[in-house]
Amino acid sequence: MSESTAIAPDRNLALELVRVTEAAAIAGGRWVGAGDKNRADGAAVDAMRSFMDSVRMNGTVVIGEGEKDEAPMLFNGEKVGDGTGPDVDVAVDPIDGTRLTALGYNNALSVFAVAEKGSMFDPSAVFYMEKMVVGPEAADFVDLRLPVKQNIHLVAKALDKPVHQVNVCVLERPRHEQLVREIREAGARVKFIMDGDVAGAIAAARGTGVDMLLGTGGTPEGIVAACAIKATGGMIQGRLAPTDEAEKQKALDAGLDLEAVLTTGDLVRSDNCYFAATGITDGELLRGVRYEGRRIITESIVMRSTSGTVRTVEAEHQPEKWSRWLDH
């Protein structure tokens with residue numbers, strides 16, 4: 001066995017990760033519909049951090065939650081894992097969709113992605129990017145540089161379906177008004193999501209409820225989604241979208257090409273990466289946390305890019321074992 005093989009993340013890591021997202025989802029799920037996104041996030045962060053420290057890895061958070069006023073976070077540069085396993089980059093979001101959780105809306109997830117150290121794109125210079133995600137059938141046909149209408153028609157052809165049946169996932173934001181007009185003028189349908197474009201991107205890559213995702217969203221979320229998309233055979237393309245001149249200059253100083261289209265392989269260079277997510281609220285991708293008598297039921301997805309394996313995991317948990325986080 002070579003040294004590089006010995007220190008690479010192995011298949012056993014996959015189910016360790018899903019234990020972490022289950023913990024965060026159960027803790028955050030306690031606050032679904034309670035209207036307090038910071039308390040939901042705080043509970044999920046505490047649970048995630050506790051369980052993450054038992055994972056056999058020497059991880060560094062390269063995509064955390066960033067600075068949030070009076071909110072808990074897993075910060076960039078934080079060391080996680082038990083320190084005995086492989087050196088890895090870690091991307092976490094204890095709750096992708098804190099507002100969705102607080103308001104009881106669909107598509108909130110707990111998310112955890114791991115890749116070999118140094119393989120994740122550094123998103124620190126530009127927080128937003130223009131994105132397009134499609135499944136494996138259309139991956140070789142579309143291009144972010146083409147007009148919206150052309151890409152939609154290419155997706156329809158690849159999926160062998162009429163254009164009017166193509167569902168395009170878009171974050172509901174004022175900045176997307178023109179994009180929405182173009183999608184509708186092309187003859188396709190728009191499926192809005194309020195937040196949580198990680199869930200939207202994965203759903204598009206897997207053909208779960210939507211056929212493609214378009215629009216501008218967070219660069220960190222694009223990298224997290226790329227870890228999952230590597231396992232599905234779908235495709236994400238992104239183009240950095242600075243919000244002002246200062247951010248544009250910061251990107252240029254970092255040597256970034258703002259015209260370049262970043263591919264799945266650019267966002268995550270390793271072919272040995274893992275993605276785990278557990279539903280907090282119901283969505284196209286996963287069912288949310290359910291409380292049924294003396295059981296807590298979670299539904300998760302765990303992916304490994306090396307083998308292209310995608311597993312759905314339904315688990316039952318005993319509430320008394322989780323009182324530390326349910327009483328948070």
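Asn 107 counts as buried, at 13% relative accessibility. In this predicted model, Asn 107 sits in the loop between helix H4 (98-103) and strand S4 (109-116). Its backbone stands out. Most residues other than glycine have a negative phi. Asn 107 is not a glycine, yet its phi is positive, at about 80°.

Asp 160 also has a positive phi, about 55°, and is not a glycine. Its place is the loop between H5 and strand S6 (167-171). Is Asp 160 buried or exposed? Asp 160 has 72% relative accessibility, so it counts as exposed, because the cut-off for exposed is over 50%.

Helix H5 (148-159) leads on to a pocket. H5 is one of the elements that give two or more residues to the lining of the second largest pocket. The others are strand S5 (128-134), helix H6 (177-185) and strand S8 (212-218). This pocket has a volume of about 210 Å³. Fifteen is the count of its lining residues, and the closest to the pocket centre are Glu 130, Val 148, Leu 179, Leu 214 and Gly 215. By class, the lining has seven nonpolar, five polar and three charged residues.

Next come the rings. How many aromatic pairs does the structure hold? It holds one. The partners are Phe 127 and Tyr 128. A pair of aromatic rings is described by the distance of the centres and the angle of the planes. Here the centres are 5.0 Å apart and the planes stand at 85°. The pair is edge-to-face, because that class needs an angle over 60 degrees. Phe 127 is partly exposed, with a relative accessible area of 42%. Tyr 128 is partly exposed too, at 27% relative accessibility.

The charged end of Arg 30 sits over the ring of Trp 31, 4.2 Å from the ring centre.

Helix H2 covers residues 13-29.

Helix H3 (residues 37-52) holds Ala 47. Ala 47 has a relative accessible area of 0%, so it is buried. Thr 264 lies 217 residues from Ala 47 along the chain. Their C-alpha atoms are separated by 30 Å.

How values were computed:
Residues numbered from 1 in each chain as written. Predicted model: local features only at pLDDT ≥ 70, side-chain atom pairs only at ≥ 80, totals over all residues. Heavy atoms only, no water. 1 Å grid on protein atoms, 1.4 Å probe; cavity = no way out; pocket = protein on both sides within 12 Å on 5 of 7 lines; lining within 4 Å. Points joined across faces, edges and corners; volume = space filled by probe spheres on them. Helix = DSSP H or I, 4+ residues; strand = E, 2+ residues; numbered from the N terminus. Nonpolar A, V, L, I, M, F, W, Y, C, P; charged D, E, K, R; others polar. Phe/Tyr/Trp six-rings, centres within 6.5 Å; stacked < 30°, edge-to-face > 60°. Buried < 20%, exposed > 50% of the residue type's maximum accessible area, 1.4 Å probe, protein only. Lys NZ or Arg CZ within 6 Å of the ring centre and 35° of its normal. Expected span 1.5 Å × (residues − 1).
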